[in-house]
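Please look over the following structure before reading on. The report below takes up its strands, its nonpolar cores and its salt bridges in turn.

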Amino acid sequence: MTSQDADAPTYPSFDDLTVDLTDGVLSLTLNRPDSLNSLNRVMLAGIADTLASAAADRRVKVVRLGGNGRGFSSGAGIGGDDLAQKEAEGPASVLDAANDAVRAIVNFPQPVVAAVHGPAAGVGVSLALASDVVLASENAYFMLAFTKIGLMPDGGASALVAAAVGRIRAARMALLAEKISAREAYDWGLASAVYAADEFDAEVDKVLTALKNGPAVALRKTKHAINAATLTELEAAIGREREGQLSLLSSPDLIEGVTAFQQRRAPKFSDF
């Protein structure tokens, strides 16, 4: 073992986030399949912390961000345990962790590949679009579901989605909270490629292999140049989203939206 290997970081897994480094590929797998990989603060902080540790690790050639089970991510968790954790930690805890995770993906020096094999909703869309290559299964869809429960997009979504698809389509996604199929997402520019479900894993592996065997310095400089040209509004967007979302997180409409979602009925928003 060289001194460099001896000094290299190790990558432990976190609660509900599996981390593995194998043959140059650092895999981050969201692991709450029973809730379509809904996100909590620990998972999001784990993404940010792992990428911060890996940024200077020359063993890491490419990052794969994916989900276990049927979905990529259903967004921030709104189940009983998740809501209790948010109440104990404060309304900004998950929001700030999501913003840090998005920043970590965008700023990570090497390419990040999002493997979206199923639904990506809410801040799950933000994590996917913060990545450099978004590979979708034909079973996937993308959905900014925030307004369904009285919230607004966060995790930099207002900048990330608009940078990918333009203002009008971004507004459609954010205001109407529609499901955008994988094929439509590809046509719009949300996805880099779409594959048949039974071919998805093999096709993702091909892309990962191409990137990990590519010129690391050139890939790093290319990623930085593209992000610098297209995500100039990301930090400002995160700031605006944080201010607006914190206000909405204390509103009666959120309580009604979450209750209606859990009861599988249409919400009756108060508009105040």
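Alanine 121 stands opposite methionine 143 in β7, and three bridges join β5 to strand β7 (residues 141-143), the two running parallel. Two strands are taken to pair if DSSP finds at least two bridges between them; helices (H or I, at least four residues) and strands (E, at least two) are DSSP runs, numbered from the N terminus. The model is a predicted one, in which local features need pLDDT of at least 70 and side-chain atom pairs count only at pLDDT 80 or more, while totals for chains, interfaces and linings use all residues. Residues are numbered from 1 along each chain as its sequence is written, and side-chain values use heavy atoms, with hydrogens and water left out.

The strands β5 and β7 belong to an open sheet of three strands, in the order β5-β7-β8 and with mixed pairing. Because β5 (119-121) and β8 (180-181) each have a single partner strand, they stand at the edges, and one side of each is left without a neighbour in the sheet. Helix α5 (residues 123-130) packs on this sheet, touching β5 and β7, where contact means heavy atoms within 4.5 Å. The direction of helix α5 makes about 105° with that of β5, given that axes are lines fitted to C-alpha atoms, for helices over the stretch in contact, and that angles run from 0 to 180 degrees between N-to-C directions.

Elsewhere, β1 and β2 run antiparallel and are joined by six bridges; valine 19 has leucine 28 in β2 as its bridge partner. The hairpin of β1 and β2 has two residues between the strands, and aspartate 23 takes a positive phi near 50° there.

Which residues have the most contacts inside the largest nonpolar core? They are Ile47, Phe142, Val161 and Leu190, in a core of 65 residues, to which helix α4 (residues 92-107) gives the most, with eight residues. A nonpolar core is here a set of buried Ala, Val, Leu, Ile, Met, Phe, Trp, Tyr and Cys residues joined through side-chain atoms within 4.5 Å, and buried means under 20% relative accessible area, exposed over 50%, and partly exposed in between (1.4 Å probe, protein chains only). Leaving aside neighbours within four places in sequence, isoleucine 47 is in contact with Leu17, Leu28, Leu30, Leu65, Ala101, Ile105 and Leu127. A second, separate core of 14 residues includes Val62, Val113, Leu135 and Val207.

The salt bridges (a side-chain nitrogen of Lys or Arg within 4 Å of a carboxyl oxygen of Asp or Glu) come to a count of twelve, and the table lists some of them.

| Salt bridge | Closest N and O atoms |
|---|---|
| Aspartate 16 and arginine 32 | 3.9 Å |
| Arginine 172 and glutamate 178 | 2.6 Å |
| Lysine 206 and glutamate 203 | 3.4 Å |

The salt bridge of aspartate 16 with arginine 32 links distant parts of the chain, 16 residues apart, with aspartate 16 in the loop between α1 (3-7) and β1 (17-22) and arginine 32 in the loop between β2 (25-30) and α2 (41-54). Aspartate 16 is partly exposed at 30% relative accessibility, whereas arginine 32 is buried at 18%.

Arginine 172 is partly exposed at 34% relative accessibility, and glutamate 178 is partly exposed at 27%.

Lysine 206 and glutamate 203 are separated by about one helical turn, because they are three residues apart in helix α9 (residues 200-212). Lysine 206 is exposed at 53% relative accessibility, whereas glutamate 203 is buried at 18%. Salt bridges that share partners also join Asp100, Arg103 and Glu235 into one network.
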